[in-house]
Amino acid sequence: MANTNRTKGHNAERLYAKEFKLLGYKLCVTSRYGSRQHDDCGIDLINIPFNIQVKAGVQKAMKPHLELKNIAKNIIENFPEDSPVHSYPNIVIHRKPADKGKRRNQYDEVVSMSFEDFKKLIQK
């Protein structure tokens, strides 16, 4: 069971790295591939102006606000104050499983962020 969830998570990270490349962020890669430091902070995609953590599958106990707080705390602990990573919006993308017998729809992929980070995003 644990390997299935791990594989699901890694596949989702690669999927979103590919999506960001299609959006013009050509250097986007998973942090497992590119940066242990980012990976340790819970940031799954790098070389983009966002701190993104990807969750996949059923996440019964996941609380997006706590995931966002953990990312922020880990960034403070692991990156120098002048690092640009501090200014990037923190985002959690949850790729939920499609209901049995149904196709995946736009509501099976949900993005969570704080309102402060949302304001940063729309001001760019």
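In what order do the elements of the protein chain run from the N terminus on? I read them off this predicted model as α-β-α-α-β-β-α-β-β-α. My tally of the secondary structure is 5 helices and 5 strands.

Next I looked up the overall form. The C-alpha trace spans about 50 × 30 × 30 Å along its principal axes. I noted a radius of gyration of 14 Å, which agrees with the value near 14 Å for a compact globule of 124 residues. Buried residues, meaning those under 20% relative accessible area, make up 38% of the chain. The accessible surface comes to about 8400 Å², and 52% of that belongs to carbon and sulfur atoms. I also checked the contacts with a separation of 6 or more: 51% of them join residues 24 or more positions apart.

Then I turned to the largest pocket. I put its space at about 180 Å³. Helix α1 (2-22), strand β4 (90-95) and strand β5 (109-112) each give two or more residues to the lining. The largest share, 3 residues, comes from α1. Among the lining residues I listed Y16, F20, I91, I93, E109 and V111. By class, I counted 10 nonpolar and 2 charged residues in the lining, with no polar ones.

S112 and P64 are 48 residues apart in sequence, yet their C-alpha atoms are 6.4 Å apart in space.

How values were computed:
Residues are numbered from 1 along each chain as its sequence is written. This is a predicted model: local features need pLDDT of at least 70, side-chain atom pairs count only at pLDDT 80 or more; totals for chains, interfaces and linings use all residues. Side-chain values use heavy atoms; hydrogens and water are left out. On a 1 Å grid over the protein atoms alone, a cavity is a set of points where a 1.4 Å probe fits but cannot get out, and a pocket is an open set with protein on both sides within 12 Å along at least five of seven lines; lining residues have an atom within 4 Å of a point. Grid points are joined across faces, edges and corners, and a volume is the space filled by probe spheres set on the points. Helices (H or I, at least four residues) and strands (E, at least two) are DSSP runs, numbered from the N terminus. Ala, Val, Leu, Ile, Met, Phe, Trp, Tyr, Cys and Pro count as nonpolar, Asp, Glu, Lys and Arg as charged, and the others, Gly among them, as polar. The radius of gyration is taken over C-alpha atoms; the globule rule is 2.2 Å times the number of residues to the power 0.38. Buried means under 20% relative accessible area, exposed over 50%, partly exposed in between (1.4 Å probe, protein chains only). Contact means heavy atoms within 4.5 Å. Accessible areas come from the Shrake-Rupley method with a 1.4 Å probe; for residues, only the protein chains shown count as cover.
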